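Thanks, everyone. Today I want to talk about charged pairs. Let me put the structure up.

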Amino acid sequence: TLTNAATNDSCQDVRAEAVKTLATYSIKQPACLGGSMKLVDLMVDLSKNTNPSCAQIIAEALMKKAAFPANRTLMIERDGLIEALTRISYANMSTVAAREFSCCALNDLSCEAKNRQKMTCTSVLTSMVKIASFNDDASLIAQEYAVKVILNLSAEANNRKRMASQKGLLSVLVQRAASSNGNPTKDDVKQAVINLVSAL
């Protein structure tokens with residue numbers, strides 16, 4: 001089967017093509033998954049493939065699913081989903097598009113208040129701080145999404161102490177507040193800094 005080829009074939013090129021085909025199929029399916037998370041689980045499993053073009057299309061598939069609000073609380077409960085998205089978001093070999101897609105998916109997931117406690121974990125915070133710290137124009141969209149994720153998670157008072165102690169998080173927000181001209185706004189970032197410092 002195609003799934004078997006994607007995970008078990010001895011030829012890396014065959015595995016990569018099978019992953020791309022499955023991810024393309026996933027993208028073309030209805031965005032709202034209802035109760036079925038099989039496609040999400042499959043994408044998470046396939047995300048372990050290190051081929052950059054595979055990671056990009058998998059991130060796109062997950063982003064398309066996370067864009068639909070009805071999917072978000074279901075998706076966050078899937079084993080390995082957060083790790084898959086964060087791994088793609090900051091992997092050195094990830095394309096700019098893969099980084100944007102994975103950060104967009106994390107942002108959409110963090111828009112749901114019910115998801116925020118689970119997302120306030122080392123893998124998400126570390127990757128979002130790293131991406132928000134990038135200093136290149138090619139990654140501007142991913143940087144914006146990373147800051148939005150941090151702001152969304154900090155909206156929950158119970159997350160703030162943990163977040164404020166995350167290495168580099170406050171400093172990247174302060175830098176962002178000093179230079180932000182777009183979305184999120186400078187005032188939003190400043191308010192998040194105040195909230196986080198108050199939790200220390």
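Start with Arg116 and Glu156. Their side chains form a salt bridge, with the closest N and O atoms 3.0 Å apart. Arg116 sits in helix 8, while Glu156 is in the loop between helix 10 (140–154) and helix 11 (160–164), so this pair ties together parts that are 40 residues apart in sequence. Now burial. Arg116 has a relative accessible area of 12%, so Arg116 is buried. Glu156 comes out at 26%, which makes Glu156 partly exposed.

A word on the source: this is a predicted model.

How many salt bridges does a search of the whole structure find? The count is 6.

Next, Arg72 and Glu112. Here the closest N and O atoms are 3.3 Å apart, and the two form a salt bridge. Arg72 belongs to helix 5; Glu112 lies in the loop between helix 7 (96–110) and helix 8 (116–119). That pair links distant parts of the chain, 40 residues apart. Arg72 is buried, at 8% relative accessible area. Glu112 is partly exposed, at 22%. There is also a network: salt bridges link Arg72, Asp108 and Glu112.

Last pair. Which residue does Asp41 meet in a salt bridge? Asp41 meets Arg78, at 2.7 Å from N to O. Asp41 is in helix 3 (residues 38–46), and Arg78 is in the loop between helix 5 (69–75) and helix 6 (81–90). Asp41 is partly exposed, with a relative accessible area of 29%. Arg78 also counts as partly exposed, at 29%.

That's my tour. Questions, please.

Definitions and conventions
Residues numbered from 1 in each chain as written. Predicted model: local features only at pLDDT ≥ 70, side-chain atom pairs only at ≥ 80, totals over all residues. Heavy atoms only, no water. Salt bridge = Lys/Arg side-chain N within 4 Å of Asp/Glu carboxyl O. Helix = DSSP H or I, 4+ residues; strand = E, 2+ residues; numbered from the N terminus. Buried < 20%, exposed > 50% of the residue type's maximum accessible area, 1.4 Å probe, protein only.
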